[in-house]
Amino acid sequence: MRLSEEKIAAFEEQGYLFLPECFSEEEVSVLRDAAVALFQTEREEVWREDNGAPRTAFAAHTYDDAFGVLGAHPRLVEPVQQLFGEPVYMHQFKVNAKAAFDGAVWQWHQDYGTWARDDSMPEPRAMNIAVFLDEVMAINGPLMFIPKSHKAGTLEAAHDTRTTSYPLWTLDNDTVSRLAAEGGIVAPTGPAGSVVMFHGNLVHASPPNITPYPRKIVYLTLSAVSNHITKFTRAAWIAHRDFTPIEPVADSALMDFAREYRKAG
Ligand code: SIN
Ligand code: MN
């Protein structure tokens, strides 16, 4: 899949691109089932909220076949190759649960802030791609972005190890207020199968989910291969050390997988 000039210009200006219904319900339902199953497992890659609810499952593309297909899907990989003009590798892969009633906040942050400080990634030439596994609504803890904030560069941040079970380099309220006064705050909503691509320096967060509606989202972080990390302080299943260029699978691969999965019953 290639992005039009118009879409590239919008991405460069706003720092994100929302692509509603990029995957069909048939494709996405197999991923949703896989996510529910893996959140029931006990393994070191699956992190829980302080209240015990699932928060995030790292590196699922390496131990789950459905997520393996998604991790090489051309609708996700090709636009990033196009933007960076070179092959990409998987820097991080995670499924975030934002569980019904219990899903906790993600504080205001920039992802490149973490990749630079913790992993020594040379430049913000890595892209986050969010794939909605459930409908994301205004009420169930949607991702919130400050449009254009990627133009502010990498901002000062503090390492917050207390607010949630997951340590994060977070921004202070004054910085968020200043950026929001310029760019506002948006929260793209849409059905399962929708996709958001966002710049590594785009400021984002998400509120807790106190509704009965889960809000699962998969995130691929695709980095230009020449921009690979150089410091290996985090677990290899959080910040990957395999810089092999991703070979995209066929566009029908997830649909084919879903049909086989349903047949096997
Ligand atoms: C993130 O910012 O990395 C995750 C946010 C979310 O899933 O709500
Ligand atoms: Mn983030």
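Trainee: How do the residues of the lining of the largest pocket divide into nonpolar, polar and charged?

Mentor: In this predicted model, four are nonpolar, four are polar and one is charged. The lining consists of His61, Thr62, Tyr89, Met90, His240, Asp242, Thr244, Pro245 and Ile246. Asp counts as charged, so Asp242 supplies the charged residue.

Trainee: What is the volume of the largest pocket?

Mentor: About 160 Å³.

Trainee: Why is the space taken by ligand 1 called a cavity?

Mentor: A cavity is a set of points where a 1.4 Å probe fits but cannot get out, with the protein atoms alone considered. The space taken by ligand 1 is the largest cavity, so the probe cannot get out of that space. About 210 Å³ of space lies in the largest cavity. Of the 18 residues that line the largest cavity, the closest to its centre are Lys94, Trp106, His109, Asp111 and His204.

Trainee: How many cavities of 30 Å³ or more does a search of the whole structure find?

Mentor: One.

Trainee: Which elements each supply at least two residues of the lining of the largest cavity?

Mentor: E4, E5, helix H5 (111-119) and E11. For the shell around ligand 1, the elements that each supply at least two residues are strand E4 (88-96), strand E5 (106-109) and strand E11 (204-206).

Trainee: How do you know that Leu143 belongs around ligand 1?

Mentor: The cut-off is a heavy atom within 4 Å. Leu143 is among the residues that surround ligand 1, so one of its heavy atoms meets that cut-off. Also around the ligand are Lys94, Asn96, Lys98, Trp106, His109, His204, Ser206, Arg215 and Tyr219. The shell divides into three nonpolar, four polar and three charged residues.

Trainee: What makes the approach of Tyr219 to ligand 1 a polar contact?

Mentor: A polar side-chain atom of Tyr219 lies 2.7 Å from an oxygen atom of ligand 1. The limit is 3.5 Å between N or O atoms, so the pair qualifies. His109 has a polar side-chain atom 3.0 Å from a ligand oxygen, and for His204 the distance is also 3.0 Å. Both pairs therefore fall within the limit.

Trainee: How much of the accessible area of ligand 1 does the protein cover?

Mentor: The protein covers 99% of the 260 Å² that ligand 1 has on its own.

How values were computed:
Residues numbered from 1 in each chain as written. Chains lettered and ligands numbered in written order. Predicted model: local features only at pLDDT ≥ 70, side-chain atom pairs only at ≥ 80, totals over all residues. Heavy atoms only, no water. Polar contact = N/O pair within 3.5 Å; in protein donor to acceptor, adjacent residues only side chain to side chain. Areas by Shrake-Rupley, 256 points an atom, 1.4 Å probe, with all protein chains shown as cover. 1 Å grid on protein atoms, 1.4 Å probe; cavity = no way out; pocket = protein on both sides within 12 Å on 5 of 7 lines; lining within 4 Å. Sits in = over half its atoms within 2 Å of the grid points. Helix = DSSP H or I, 4+ residues; strand = E, 2+ residues; numbered from the N terminus. Points joined across faces, edges and corners; volume = space filled by probe spheres on them.
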